[in-house]
Amino acid sequence: MSAASRSFRCNTVNGKDTLLSKEIRLMQGNEAIAEGAIYAGARFYAGYPITPSSEIAEVCSQKLPKLGGMYIQMEDEIASIAAVIGASLAGAKAFTATSGPGFSLMQENLGLAVMGEVPCVVVNVQRAGPSTGLATRPAQSDIMQVRWGRHGDQTLIALCPSSVKECFALTVTAFNFAERYRVPVVLMPDEIVGHMRENVELPAPDALEVVNRKTPTGHPADYKPFQADEDGIAPLAAYGSEYVFHVSSSMHGLDGYSNNDPNNAAWRIRQLHEKIARHRDEIVLTQTFDTDDMDVLLVTIGATTRSGRAAAIEARKRGVKAGVLQLQTVWPFPDREVAELGQRAKRIVVPEMNYSGQIADEVLKAVGPDMDLRRVNRYNGTIINPQDILAEIFDAA
Amino acid sequence: MAHATGMKYLKGGILPHMWCAGCGIGIMLGALLRAFEELDYAATDTVVVTGIGCTGKADDYLVTNALHTTHGRALAYATGIKAYNPKLHVVVLMGDGDGVTIGGNHFIHACRRNMDLTAIILNNFNFGMTGGQVSGTTPQECHTSTTIYGNPERGFDICALAETAGANYVARCIPYYGWEMKETMKEALTQKGFSVVEVVSPCPTHFGRRNEMKGIPDMLHWLRDRAVAVDAYRNLPESERGERLAIGTFVSRDFPDFNTRYESVRSRAQQG
């Protein structure tokens with residue numbers, strides 16, 4: 001009997017849901033994201049339904065009120081991210097989930113979360129576009145939208161899971177990064193990962209680290225919400241605490257009040273970037289498979305990681321040494337990791353579910369224009385299979 | 001007892017404020033801060049959420065908690081704050097652009113949801129900060145920098161919209177009556193559920209100048225002369241309502257607010 005069926009039969013006992021008490025559960029990626037968020041301490045969800053992310057909302061609507069939290073369905077995605085930011089400033093670990101069109105709508109307010117240094121998590125279960133596109137089909141074409149969709153000079157963190165297990169774990173990581181660095185974090189599974197079902201061994205409540213934001217400890221009169229500590233991160237109070245504070249979408253000083261001085265503006269922009277840059281090595285997460293000894297390096301994200309691994313295994317059977325570098329962190333881009341492994345390979349193959357080669361272009365920036373870089377792009381709403389990748393591995397290897 | 005000044009909520013050394021002579025925002029803010037003082041609101045449990053535009057600059061003057069948001073979205077931010085911490089006094093300051101033009105969707109849903117928020121909409125019939133363009137409340141045929149031949153559209157009646165969409169408290173004030181405005185603010189702040197106060201305000205710089213009210217007092221007198229107490233207005237025959245502006249409290253009711261209803265959702269979830 002497979003683990004899946006064993007777990008499935010255990011789901012109900014005497015009509016009661018026993019899922020939470022089981023170590024191994026058959027779960028969907030989207031469900032694992034909701035469970036990961038709850039594990040990380042999320043107690044506030046505001047969202048607007050959109051395929052292929054809606055299961056996250058449905059699980060939250062069921063589980064959060066049981067835990068004393070709140071699910072609120074807002075009138076659109078613009079309102080959803082706004083409510084998430086408001087709740088976060090009131091002290092909540094808060095998040096929302098959406099897909100490409102909804103993520104586009106959130107961009108302006110996500111910029112406020114960057115500017116106001118408000119911890120929050122946005123899940124963008126990527127689907128095929130442009131526009132309504134193939135509404136229920138996967139894509140990996142929001143790489144640049146996640147990085148650059150907002151106006152102005154700003155940055156954030158983005159993570160990309162490739163399995164249901166990673167959906168859980170990287171959601172916890174996303175909240176930890178958001179809280180630790182006072183920054184919005186985007187989790188960007190593709191539709192395949194979001195809707196995939198796998199057995200997941202759920203960690204015990206204390207097994208994974210859960211980070212809570214740093215709060216002020218000094219005298220309330222001295223509190224400045226944008227005065228960073230040694231680590232580059234400023235403590236964040238909650239509305240309703242003894243600390244009174246301002247947060248502004250406008251350019252602002254240490255005290256949070258608007259400030260249009262050019263020197264202040266330059267300091268703010270630098271601070272937003274540098275707090276991420278100085279912690280870059282803690283933020284950049286990658287996985288490697290068979291890269292100790294290789295001639296061909298596959299660089300993958302999300303669902304294509306699996307096709308990439310299958311292709312690499314098959315290539316080795318046929319006599320070509322291939323390895324895989326999976327980018328769990330997409331932004332900041334793991335350029336050093338790509339460069340370090342890339343220079344040990346004769347060829348790099350980048351499979352991704354978009355036409356424009358959004359990941360491949362970043363890889364090329366990291367390894368330089370002389371690298372033999374092969375792109376495998378699919379943009380018809382179907383997954384890249386190992387055969388597609390093998391063709392590029394073998395062509396000149 | 002000395003009259004409330006509201007000064008303790010004002011940032012020291014910040015005056016004079018940036019608003020134009022003749023604008024109603026200063027009177028609106030003064031009335032609000034006096035209401036805070038008379039209700040003994042603490043800065044620690046008060047959050048003022050602002051949008052963008054002339055009214056949206058109000059947070060710069062305050063020592064309460066504040067969140068200066070994006071254009072039109074202030075109510076959605078406030079919804080998250082209040083939903084997560086129902087003990088906070090959450091006041092949302094918006095212009096007519098924020099409140100019912102770009103933010104119209106959020107406004108009707110905030111009324112429907114009946115969040116326990118106080119939304120104060122300063123309606124000066126145009127976009128002041130960006131140069132006096134037409135807004136969702138600009139009356140038909142009025143002139144703005146983008147309707148120089150007259151506005152082809154009708155303007156929203158904010159109070160009628162709020163009442164229909166489900167707000168618990170709806171009132172309209174004009175800066176000519178400052179004391180009444182403060183009393184209205186107090187009613188709005190203490191009413192459970194979603195409260196809307198429309199402050200119809202002069203904008204001599206843009207709206208007055210383009211609509212035959214060139215002097216600062218002209219607009220204030222225009223508002224005073226149009227204003228009729230809401231009870232008297234309701235007794236007027238339709239034919240005599242014309243250009244008149246009903247002021248006072250339109251709605252005061254006690255539908256359960258969002259957080260109260262959510263508590264019952266939680267208890268059902270936790271029992272099941």
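This is a predicted model: local features need pLDDT of at least 70, side-chain atom pairs count only at pLDDT 80 or more; totals for chains, interfaces and linings use all residues.
P351(A) has V376(A) as its bridge partner in strand 19 of chain A.

**The five-stranded sheet of chain A**
- Strand 18 (residues 347-352) and strand 19 of chain A run parallel to each other, joined by six bridges.
- Both belong to an open, mixed sheet of five strands in chain A, ordered 14-16-15-18-19.
- Strand 14 (286-289) and strand 19 (372-377) of chain A form the edges, each pairing on one side only.
- On average, neighbouring strands of this sheet are turned by 20° against each other, ignoring direction.
- Helix 14 (residues 386-394) of chain A lies across strands 15 (296-300), 16 (322-327), 18 and 19 of chain A, and runs at about 160° to strand 18.

**Where chain B meets chain A**
- In this interface, 39 residues of chain B are in contact with 42 residues of chain A.
- About 3,200 Å² is buried between the two chains, with carbon and sulfur atoms giving 58% of that area.
- There is one salt bridge between the chains: the side chains of E75(A) and R113(B) meet at 2.7 Å, N to O.
- Polar contacts link 24 residue pairs across the interface, counting residues at pLDDT 80 or more.
- On the chain B side, strand 2 (65-68), helix 2 (74-84), helix 4 (104-113) and helix 11 (258-271) each supply at least two residues.
- By class, that side of chain B has 17 nonpolar, 15 polar and seven charged residues.

**Strand pairing between the chains**
- Strand 13 (residues 246-248) of chain A pairs in the parallel sense with strand 2 of chain B over three bridges.
- Within that pairing, V247(A) has L67(B) as its bridge partner.

Note on methods. Residues are numbered from 1 along each chain as its sequence is written. Chains are lettered from A and ligands numbered from 1 in the order in which they are written. Side-chain values use heavy atoms; hydrogens and water are left out. Two strands pair if DSSP finds at least two bridges between them. Helices (H or I, at least four residues) and strands (E, at least two) are DSSP runs, numbered from the N terminus. Axes are lines fitted to C-alpha atoms, for helices over the stretch in contact, and angles run from 0 to 180 degrees between N-to-C directions. Contact means heavy atoms within 4.5 Å. Buried area is the accessible area (1.4 Å probe) that two parts lose on being put together, summed over both. A salt bridge is a side-chain nitrogen of Lys or Arg within 4 Å of a carboxyl oxygen of Asp or Glu. A polar contact is a pair of N or O atoms within 3.5 Å; within protein, one must be able to donate a hydrogen and the other to accept it, and residues adjacent in sequence count only if both atoms are side-chain atoms. Ala, Val, Leu, Ile, Met, Phe, Trp, Tyr, Cys and Pro count as nonpolar, Asp, Glu, Lys and Arg as charged, and the others, Gly among them, as polar.
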